[in-house]
Amino acid sequence: METEFTPWAALAGGALIGAAAVLLLAVHGRILGATGILGGLFRLGDAADWTLRAAVIAGMMTGPLVHLLATGERPVLDQPVPGWAVALGGLIVGVGVSHGGGCTSGHGVCGLARLSRRSMVATASFMASAVLTVFLIRHGV
């Protein structure tokens, strides 16, 4: 299993995520924690809060459309693992997010930028888990 090296696309994606996090904090005073924002969509309450959450999630989902409009080509989806493994991974991440009090965007992007010790520990934990998981999957251990 090989992964394509795409430094420019990764740099652009990282810059966009960082800009979105800064803008959300500057304009709305909110931390960009994607799972917290998504989870809030299922809690009815303040209509303005729900609208902001829906707009952030909709913005995240428009990436492939922006790519299509910018390049005229559909984004290539290369999924080297079966769908059940993706679903299982999503479930495991969801459990980790709920026990860890946040996700990679909340802890890894926003928390590290705020020099939060809790976010440093969380980010180190999920990065170590990711490295171990990739090693085990790629080497068939």
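**Around L32**

Trainee: Which residues is L32 in contact with, leaving aside its neighbours within four places in sequence?
Mentor: L32 is in contact with I17, A20, A21, L24, I37, V56, M60, S105, G106 and C110. Contact here means heavy atoms within 4.5 Å. Bear in mind that this is a predicted model, where local features need pLDDT of at least 70, side-chain atom pairs count only at pLDDT 80 or more, and totals for chains, interfaces and linings use all residues. Residues are numbered from 1 along each chain as its sequence is written, and side-chain values use heavy atoms, with hydrogens and water left out.

Trainee: And which residues make up the largest nonpolar core?
Mentor: Nine residues: A21, L24, L32, I37, L41, L52, V56, I57 and C110. Such a core is a set of buried Ala, Val, Leu, Ile, Met, Phe, Trp, Tyr and Cys residues joined through side-chain atoms within 4.5 Å; buried means under 20% relative accessible area, exposed over 50%, partly exposed in between, with a 1.4 Å probe and protein chains only.

Trainee: Which elements give two or more residues to this core?
Mentor: Those are α1 (7-28) and α3 (47-61), and α3 provides the largest share, three residues. Helices are DSSP runs (H or I, at least four residues), numbered from the N terminus.

Trainee: New topic: where is V109, and what does it touch?
Mentor: V109 sits in helix α6. Not counting residues up to four places away in sequence, V109 touches I17, A21 and T104. V109 counts as partly exposed because its relative accessibility is 31%.

Trainee: Which residues are buried in α7?
Mentor: S119, A122 and T123 are buried there, and the buried residues of α7 pack against α6 (104-113).
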